[in-house]
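Subject: A structure for you to look at

Hi,

Here is the structure I promised to pass on. Please open it next to this email, and then read on for what I found in it.

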Amino acid sequence: MSSQTKNRRIAMAALLAALALIFSYVEAMIPSPVAIPGVKLGVANLVILIALYQLDFKYALAINLVRIVISGLLFSGVFGILYSLAGGMLSLMVMWFLKKTDLFSIVGVSMAGGVAHNIGQILVASAVVSDLKMFAYLPILMFSGIISGVLIGFLCHYVTLALKLDKLKQ
């Protein structure tokens with residue numbers, strides 16, 4: 001990889017990290033349409049999915065970590081960072097693995113990532129409060145993860161096409 005290509009990818013990763021942080025901020029300002037903790041669209045995951053497909057895993061990981069830590073410090077505190085870190089890292093690992101298999105579309109990968117994100121958060125929540133009753137939320141969170149994952153996956157597909165982002169892979 002040439003130094004120009006590497007520099008372009010680093011600059012794009014920085015822009016994507018800033019965009020993910022902006023999306024996290026906007027989503028934190030919008031009240032949740034449902035009264036169930038943890039249910040949200042996860043618009044910042046659009047950026048992570050784009051990074052995973054257009055750059056590679058290490059860039060997506062860096063962008064995700066930067067977004068989680070900074071948005072956690074700004075908007076949700078230490079526990080927010082813990083929940084987001086567990087969900088975000090599990091989600092990214094699942095999406096990366098499924099993407100590598102070439103068996104799933106970007107929508108399927110995103111959907112699995114949404115579900116994995118909620119599973120990671122439930123695991124941490126049940127450990128923090130030392131109560132397995134937290135898993136009672138899991139069916140609701142899995143359903144919301146499927147819905148948001150599908151929406152984010154379609155959005156990612158169309159954004160990638162509209163912006164002709166395949167040029168980033170060079």
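Let me start with a rule for ring pairs: rings of Phe, Tyr and Trp (its six-membered ring) count as a pair if their centres lie within 6.5 Å, and planes under 30 degrees apart are called stacked, over 60 edge-to-face and the rest tilted. By this rule there are 2 aromatic pairs. One of them is formed by Tyr 25 and Phe 75, and that pair is tilted because the ring centres are 5.4 Å apart and the planes stand at 40 degrees. Tyr 25 sits in helix H1 (residues 3-29) and Phe 75 in helix H3 (residues 57-101), so to speak two distant parts of the chain, 50 residues apart, linked by the pair.

A note on where this comes from: the model is predicted, so local features need pLDDT of at least 70 and side-chain atom pairs count only at pLDDT 80 or more, while totals for chains, interfaces and linings use all residues. Residues are numbered from 1 along each chain as its sequence is written, and side-chain values use heavy atoms, with hydrogens and water left out.

The whole chain

The chain has 5 helices and 0 strands, where helices (H or I, at least four residues) and strands (E, at least two) are DSSP runs numbered from the N terminus. Along the sequence the pattern reads α-α-α-α-α. How does the radius of gyration compare with that of a compact globule, and what is it for this chain? For 170 residues a compact globule would be near 15 Å, and the chain's 16 Å agrees with that. The radius is taken over C-alpha atoms, and the globule rule is 2.2 Å times the number of residues to the power 0.38. Along the principal axes, the C-alpha atoms fill a box of roughly 50 × 35 × 25 Å.

Buried residues make up 41% of the 170; buried means under 20% relative accessible area, exposed over 50%, and partly exposed in between (1.4 Å probe, protein chains only). Of the contacts (heavy atoms within 4.5 Å) between residues at least 6 apart in sequence, 72% join residues at least 24 apart.

Next, go to helix H4 (residues 106-129), which holds Ala 116. Ala 116 is buried, with a relative accessible area of 5%. Which residues does Ala 116 touch, not counting those up to four places away in sequence? They are Gly 87, Leu 90, Ser 91 and Val 94.

Leaving aside neighbours within four places in sequence, Val 124 is in contact with Leu 82, Tyr 83 and Ala 86. Met 134 is 10 residues from Val 124 along the chain, and their C-alpha atoms are 9.7 Å apart.

Last, look at Asp 102 in the loop between H3 and H4. Asp 102 is exposed, with a relative accessible area of 67%. Its phi is near 60 degrees, a positive value in a residue other than glycine.

Happy exploring!
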